[in-house]
Amino acid sequence: MPLIKPFAALRPAPAHAADVAAPPYDVMSAAEARRMVDGRPWSFLHISRPEVDLPEGIDPYSPPVYAKARENLDRMLGEGLLVRDAAPGYYLYRLTMGTHRQTGLVAAASIDAYDRDRIKRHELTRPVKEDDRVCQIDALNAQTGPVLLACRARPDIDALLAGLATGPAETDVTAPDGIRHELWPIMDESLIAELTAAFEGLDALYIADGHHRCAAASRVAAMRRDANPGHTGAESYNFMLSVIFPHDQMRILDYNRVVKDLHGHSVETLMQRLSVVFAIEGAPGPVRPERPGEFGMYLGGHWYRMTLDPARIPYDDPVGRLDVSLLQDNLICPILGIQDPRRDDRIDFVGGIRGLETLAARVDSGEMAVAFALFPTRMEDLMAVADAGEVMPPKSTWFEPKLADGLASHLLTD
């Protein structure tokens, strides 16, 4: 099977794209999702977060939630809010956030390639979240949340994608957060063949965001193959909804840390411990690190710039040299006593989109004792980890801008 193939997307009717488009299902709390759907009866959150239409406090992983998702999908289909394209195609997808712009391709990516590690992962998954996506896909008989993939930038693919974004987009939505989402259907058979061949020439694709969606799609495909002894591999369930961008167009923001206490240290003794490992200087305002190995710290009402001793950086280790690893291995674990940041409730994570002011505010409020600002992980580092077959520490990457849910869904019709 090819690495990618075209598919007939389920999309909003042109007049209703702005009514349907929604943020990814996993970037807000249940309370935030309920506020977002207020006055928006056609928001895709009614499908991706159907608990918004059920009593507060309901278990979001319970059968009535998935049944409600199916009911809401059927309702939007019946009202003509969502319409399936008549023929398979690709879709050019452009994201614009301020001065940043990235242009990629919506495609059905091969689950066999994922299973064989040609679509490479860099993150561990949690069974409960995998199970949730399996139930969602099964209930809807569709994949509605696209996986964000990256390919190594190549001039031929860049030129091909850039040349397709001509004329007004068929879908053009500016979301409440100011991010613009544009979609151009590509239905010409010769262009489809050219795109398929160009991507087939790639050694690999890389999961940027969506590891649970990939794992769930793979599990659903395996179950359906087992139930269909005559399967050919070309069935729609053997592919997953994806948006692929050249790696050099993607934007990773910092993913910062806040910690609830100083693990028995006073401010003075903590600074003494840190000075053994870091060069520390005071700063007049928020510190945004300018290079790997440099960190900002907010402690006791003051900002500091900290630079790690270069001798402590394992440059030949693709995981160990990540800034999230350097902070964990040299400070958060040995000094603040947090051995497993996945499970320790003394630590929390703050996406860079929320700003450095949020870090200071959480410390000043007394909720947290100290905050750390990190230099963003680079796409080259992500790909190096994936190529090595390793996994990143938790909360290593925060991608912006984020894809919208609802603009293109993949129906599993065979």
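Q: Helices are DSSP runs of H or I with at least four residues, numbered from the N terminus. In which helix does Gln136 lie?
A: The model is predicted. One of its helices covers residues 127–140. Gln136 belongs to that helix, α6.

Q: Is Gln136 buried or exposed?
A: Buried means under 20% relative accessible area. Gln136 has a relative accessible area of 3%, so this residue counts as buried.

Q: Which residues is Gln136 in contact with, leaving aside its neighbours within four places in sequence?
A: Contact means heavy atoms within 4.5 Å. Once the neighbours within four places in sequence are left aside, Gln136 is in contact with Ile47, Ser48, Tyr66, Ala69, Ala142 and Thr144.

Q: How far does helix α4 reach from its first C-alpha to its last?
A: α4 covers residues 63–78, which makes 16 residues. At 1.5 Å a residue, 22 Å is expected. The reach in the model is close to that, at 23 Å.

Q: Within what arc do the buried residues of α4 fall, seen down the helix axis?
A: Val65, Tyr66, Lys68, Ala69, Asn72, Leu73 and Met76 are the buried residues of α4. They line one face of the helix, because the arc that holds them is 155°.

Q: Which residues are exposed on the other side of α4?
A: Exposed means over 50% relative accessible area. On the other side of α4, the exposed residues are Pro63 and Gly78.

Q: Which elements do the buried residues of α4 pack against?
A: Both strands and helices are among the partners. The strands are β2 (10–12) and β3 (82–84). The helices are α1 (17–20), α3 (45–48) and α6 (127–140).

Q: Within what arc do the buried residues of α8 fall, seen down its axis?
A: α8 covers residues 189–200. Its buried residues are Ile192, Leu195, Thr196, Ala198 and Phe199. They line one face of α8, because their arc is 165°.

Q: Which exposed residues does the face of α8 turned away from its buried side carry?
A: An α-helix has 3.6 residues a turn, so residues three or four places apart point the same way. The face of α8 turned away from the buried side carries Glu189, Ser190 and Ala197.

Q: How far apart are the end C-alpha atoms of α9?
A: α9 has 16 residues. At 1.5 Å a residue they should span 22 Å. The model agrees, with end C-alpha atoms separated by 23 Å.

Q: Which elements do the buried residues of α9 pack against?
A: The buried residues of α9 include His211, Cys214, Val220 and Arg224. As a group, the buried residues pack against α5 (111–115), α6, β7 (142–143), β8 (147–151), β11 and β12 (239–246).

Q: Which residues are the closest to the centre of the largest pocket?
A: About 1,500 Å³ of space lies in the largest pocket. Its lining has 45 residues. The closest to the centre are Asp26, Arg126, Lys129, Tyr255 and Lys395.

Q: Which element gives the largest share of the lining of the largest pocket?
A: Several elements supply at least two residues each, among them α4, β11 and α12. The largest share is 5 residues, and it comes from α6.

Q: Which elements give two or more residues to the lining of the second largest pocket?
A: This pocket holds about 660 Å³ of space. Of its 26 lining residues, Pro23, Pro24, Val27, Met36 and Asp177 are the closest to the centre. Two or more residues come from α2 (30–37) and β9 (171–174).

Q: How many nonpolar residues has the lining of the second largest pocket?
A: The classes here are nonpolar, polar and charged.

Q: What is phi of Lys395, a residue other than glycine?
A: Most residues other than glycine have a negative phi, and most peptide bonds are trans. Lys395 lies in the loop between α13 (379–387) and β20. Its phi is positive, near 55°.

Q: What is the relative accessible area of His263?
A: His263 sits in the loop between β14 (255–259) and α10 (267–277). Its phi is positive too, about 55°. His263 counts as partly exposed, because its relative accessible area is 43%.

Q: Is the peptide bond from Glu400 to Pro401 cis or trans?
A: Pro401 is found in the loop between β20 and β21 (410–411). The bond from Glu400 to Pro401 has omega near -5° and is cis.

Key. Residues numbered from 1 in each chain as written. Predicted model: local features only at pLDDT ≥ 70, side-chain atom pairs only at ≥ 80, totals over all residues. Heavy atoms only, no water. Expected span 1.5 Å × (residues − 1). Buried < 20%, exposed > 50% of the residue type's maximum accessible area, 1.4 Å probe, protein only. Arc of directions from axis to C-beta. 1 Å grid on protein atoms, 1.4 Å probe; cavity = no way out; pocket = protein on both sides within 12 Å on 5 of 7 lines; lining within 4 Å. Points joined across faces, edges and corners; volume = space filled by probe spheres on them. Nonpolar A, V, L, I, M, F, W, Y, C, P; charged D, E, K, R; others polar.
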